[in-house]
Amino acid sequence: MDIQPRDGAAPGHQSAGPDDPRVQALRAHLRPAIIAMDGPAASGKSTVGYRLAALLDFLFFDTGVMYRAVTWVALARGVDIQDAEAVGRLAETVELDVRPPRAGEEDGRHCTVLADGEDITWQIRAPEVDRQVSVVSAMGRVRRALTVQQRRIGQAYGAGTQEKAGIVMVGRDIGTVVFPQAPLKLYIDASAEERARRRHRELLARGKAVSFEEVLADMVRRDRLDSERDLSPLRTAPDALVIDTTGLTPDQVLERILDLACARLAVNP
Ligand code: CDP
């Protein structure tokens, strides 16, 4: 199918709102109401996924925080990060809670992440977690434990019977393994340099003194591990809409997603 995206938003252009006919059409047509969004590190999935979810009044659920949380708890509790059984046991027993930020927690976070009741929202973004998370996410026992929880949440929200009309689920294997039946799958990509620039900027803004070269090297290594692992590797689902966000603003990416999604689902806004 030949889908021509509309050009990105012009300067001064109002970004799409909840009344945009494309937004309304998508809400009416997605059954189950699950949007799967996958892609490599720092490709813009969280920024765009969060905004897309807000537009549609869907829940934004970033599954990466679960792998990060297990990694951080393992490091904090001195569990040997190479010991798949010990880390797997931890993933099965630690109580993870991912919920929207409450009053007093608005510090730029998209969600609050709790492990056994402790707020670890920012700890899981530490460079040490970035370095180790792909080892943890390649472990079968860890993936099984977390995938069960992700499917439960996805099924509940995808039915449209919760307080939100649906769910935008973000990760590496959502469209291929967790919800291969999702009616809309997006694969969000960007060049390695652009992704490293974005991640570097984020880390500097949070006061982390890391060099661009270090960030780029860590990210390329993590992408390789995520793409080459045996279990649920990062892959583009055959029916995913692929969006290269290199050089695009979040507004422009959202515009493209709305146009491409309506064309793919053959809905007339
Ligand atoms: O934010 P960023 O794109 O850097 O990464 P993330 O989405 O927070 O994911 C962190 C890590 O968790 C990834 O590098 C993967 O190893 C793992 N992950 C996964 O294996 N499967 C998912 N569905 C989500 C994340």
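Where is the place of Ala-42? I looked this up at the start, in what is a predicted model, and found Ala-42 in the loop between E1 and helix H2 (45-56).

I then checked the backbone of Ala-42 and noted a phi near 55°, which is a positive value in a residue other than glycine. For context I wrote down that most residues other than glycine have a negative phi, and that most peptide bonds are trans. Pro-32 belongs to the loop between helix H1 (21-29) and strand E1 (34-38).

Next I turned to the ligand. A polar backbone atom of Ala-42 is 3.1 Å from an oxygen atom of the ligand. For the side chains, I found a polar atom of Arg-143 at 2.8 Å from a ligand oxygen, and a polar atom of the Arg-229 side chain at 2.9 Å from an oxygen atom of the ligand. On its own the ligand has 530 Å² of accessible area, and the protein covers 99% of this.

I also listed the surroundings. There are 19 residues around the ligand, and those that come nearest are Arg-68, Ser-137, Arg-143, Arg-199 and Asp-226. By type, I sorted the shell into ten charged, five polar and four nonpolar residues. At least two shell residues come from each of helix H3 (64-76), helix H5 (127-137) and helix H9 (212-228).

Which pocket holds the ligand? My entry reads that the ligand sits in the largest pocket. Finally, I noted that the ligand lies between domain 1 (32-43 + 166-263) and domain 2 (59-164), because both domains give residues to the shell around it.

Methods. Residues are numbered from 1 along each chain as its sequence is written. This is a predicted model: local features need pLDDT of at least 70, side-chain atom pairs count only at pLDDT 80 or more; totals for chains, interfaces and linings use all residues. Side-chain values use heavy atoms; hydrogens and water are left out. A residue is near a molecule or strand if one of its heavy atoms lies within 4 Å of it. A polar contact is a pair of N or O atoms within 3.5 Å; within protein, one must be able to donate a hydrogen and the other to accept it, and residues adjacent in sequence count only if both atoms are side-chain atoms. Accessible areas come from the Shrake-Rupley method with a 1.4 Å probe; for residues, only the protein chains shown count as cover. On a 1 Å grid over the protein atoms alone, a cavity is a set of points where a 1.4 Å probe fits but cannot get out, and a pocket is an open set with protein on both sides within 12 Å along at least five of seven lines; lining residues have an atom within 4 Å of a point. A molecule sits in a cavity or pocket if more than half of its atoms lie within 2 Å of its grid points. Helices (H or I, at least four residues) and strands (E, at least two) are DSSP runs, numbered from the N terminus. Ala, Val, Leu, Ile, Met, Phe, Trp, Tyr, Cys and Pro count as nonpolar, Asp, Glu, Lys and Arg as charged, and the others, Gly among them, as polar. Domain bounds come from an automatic or database domain assignment.
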